[in-house]
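Subject: Structure handover

Hello,

Here is the structure we spoke about. Please read the notes under it with the coordinates open.

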Amino acid sequence: MSLFQYRLPELHNMLRSKEISVGELTEESLAAVAERDGKVHAFLTLNEEGARASARALDDKLASGAERGLLFGLPAGIKDNIVTKGLRTTCASQFLSNFQPIYDATVVSKLRQADAVTIGKLNMDEFAMGGSNENSSFGPVCNPWDVERVPGGSSGGSAAAVAAGEVLFTLGSDTGGSIRQPASYCGVVGLKPTYGLVSRYGLVAFASSLDQIGPITRNVEDSAYVLQAIAGYDAQDSTSAKVDIPDYLSSLTGDISGLRIAVPKEYIGEGVDASVRDSVLSALKVLESLGAVWEEVSLPHTEYAVAAYYLLSSSEASSNLARFDGVRYGVRADDGGGLLDLYHNSRSQGFGAEVKRRIMLGTYALSSGYYDAYYLKAQKVRTLIKQDFDEVFQKYDVVIGPTAPTTAFKLGSQIEDPLTMYLNDILTIPVSLAGIPAVSIPCGFAEGLPVGLQIIGKEFDESTVLRVAHAFEQHTDHHQQLPQL
């Protein structure tokens, strides 16, 4: 049995009793990457020397009896848009193929303080723009359940690495569903925290009002551990929230008696595969058997979410990516010419097609004469979507539905059709626009492919989201099934 099939507290007990060492855990992770990543392509940069050095230091710490961090000795992967001091950070773009950060993101510093071991940086859609991980300039990630299918995106490498048993947990980023959708496709647990709960300092910005870092794990308990380690106020992030951080682990009681669940009719209606809908309805029966009650509700502005999201996120991207000009960092075009030629050529050579598409859309939406018609109207729609959720949460504790309308699709089947690709996020985007927490957990299989259940909560009520997810998980075995690579 792989060490990675144990839960995090079980591994802590094994380390404490010296049944295993941090070195052994680290070597198992590196061996798994060497064995499987040729098929999955989850990693862009390996930190072999650094990981082994960290493992030796942590084993010395264990022998000395010194206090251990919450994630002591656990091998982790970091999405490649989260900066890591001295470890290449590319955002899966040719533009940053040579970029070595000079500081750690706050979440990376927190992982170090919690005594985790960084195995390497994970593949993604370029600058987090995409829903299939086919937009990486270093090649696509493959789904461990079927290597001819996508893992989801943009945190496809983060989800695939956990599903393939290469690391115990990963960090991803979620702008419109980029943690939850790949978690659904890969059959793992992906949590998007409330906007502002986890620091964005050191996350390369795509859409600053939407981006949020969160964990991807094998099970809900491990997700609670990682969230406990990375959540909290950060003065270096102007959008960081000053809120008390509860003990997320203590919320995993298994008790959901009397829980009130809202199921939006828009989430289980037209456009959702019958097999996905059946898995979600079966999951609701499990929750009913545990004492919860559910009713169908409406989130009437859901149909406008995708259009509003792509206007808002592209507008913010066009501003955020203006810093990539070939002057300060990243790859510089060597075509000669003047300053404007340098800008033009560096961006033409450095950015991929999807990034260029979104920059152009965002620049157009913000341009004189179109701001009110597009960007301002999209902001108003965002407010209406937030109000839809606020109204539902006056009566219900959580909102539940599928994470994605389908299971993972074939590589190459949608890459030439961006509008169809964008619609894959129809069920995750409203949550991002509202800034509230949600988790995707495995709830079944359709033709051998995982189906994700999305549990959505009130802002800063991750405890309830995790409690419901954990209760469901304790009475099913979907999360225990593993792909055969």
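Conventions

The model is predicted, so local features need pLDDT of at least 70 and side-chain atom pairs count only at pLDDT 80 or more, while totals for chains, interfaces and linings use all residues. Residues are numbered from 1 along each chain as its sequence is written, and side-chain values use heavy atoms, with hydrogens and water left out.

The sheet

Helices (H or I, at least four residues) and strands (E, at least two) are DSSP runs, numbered from the N terminus. Two strands pair if DSSP finds at least two bridges between them. An open sheet of 11 strands has mixed pairing and the order β1-β3-β2-β4-β6-β5-β10-β11-β9-β7-β8. The edges are held by β1 (43-46) and β8 (293-297); each has a single partner strand, so one side of each has no neighbour in the sheet. On average, and with direction ignored, neighbouring strands are turned by 30° against each other. For this and the other angles, axes are lines fitted to C-alpha atoms, for helices over the stretch in contact, and angles run from 0 to 180 degrees between N-to-C directions.

Several pairings involve β10 (residues 438-446) or its partner β11 (residues 449-456):

- β5 and β10 are antiparallel, over three bridges, and K192 has A438 in β10 as its bridge partner.
- β10 and β11 are antiparallel, over eight bridges, with A446 opposite L449 in β11.
- The hairpin of β10 and β11 has two residues between the strands, and E447 there takes a positive phi near 55°.
- β9 (residues 398-402) and β11 run antiparallel and are joined by four bridges; P402 has L453 in β11 as its bridge partner.

Buried here means under 20% relative accessible area, exposed over 50%, and partly exposed in between (1.4 Å probe, protein chains only). Eight of the nine residues of β10 are buried, so this strand is largely enclosed by the rest of the structure.

Helices on the sheet

Contact means heavy atoms within 4.5 Å. Helix α5 (156-163) lies across β1, β2 (75-79), β3, β4 and β6 (212-217), and runs at about 155° to β4. Helix α7 (residues 220-230) also packs on the sheet, where it touches β4, β5 (189-192), β6 and β10, and its direction makes about 145° with that of β6.

How many of the eight residues of α5 are buried? Eight of the eight are, so α5 is largely enclosed by the rest of the structure. These residues are G156, G157, S158, A159, A160, A161, V162 and A163. Just after α5, G165 takes a positive phi of about 75°.

The annotated site

In the unreviewed UniProt entry, the annotation "active site" covers K79, S154 and S178. These residues are spread over 100 residues of sequence but cluster in space, with a largest C-alpha distance of 11.1 Å. UniProt positions are given in the numbering used here, feature names are shortened, and annotations may be inferred rather than shown by experiment.

S154 is in the loop between β3 (117-122) and α5. Its relative accessibility is 0%, so S154 counts as buried. With neighbours within four places in sequence left aside, the contacts of S154 include K79, N123, D125, S173 and S178.

S178 is in the loop between β4 (169-174) and α6 (180-186), and is buried, with a relative accessible area of 7%. The side chain of S178 reaches the backbone nitrogen of S154 at 3.0 Å.

Two further residues

G444 is in strand β10 and counts as buried, at 5% relative accessibility. Not counting residues up to four places away in sequence, G444 touches S279, L449, P450, V451 and H478. G444 and H479 are 35 residues apart in sequence, and 8.9 Å apart in space, C-alpha to C-alpha.

S223 is in helix α7 and counts as buried, at 0% relative accessibility. Leaving aside neighbours within four places in sequence, S223 is in contact with V189, L191, P215, T217 and L466.

Regards

Notes:
Polar contact = N/O pair within 3.5 Å; in protein donor to acceptor, adjacent residues only side chain to side chain.
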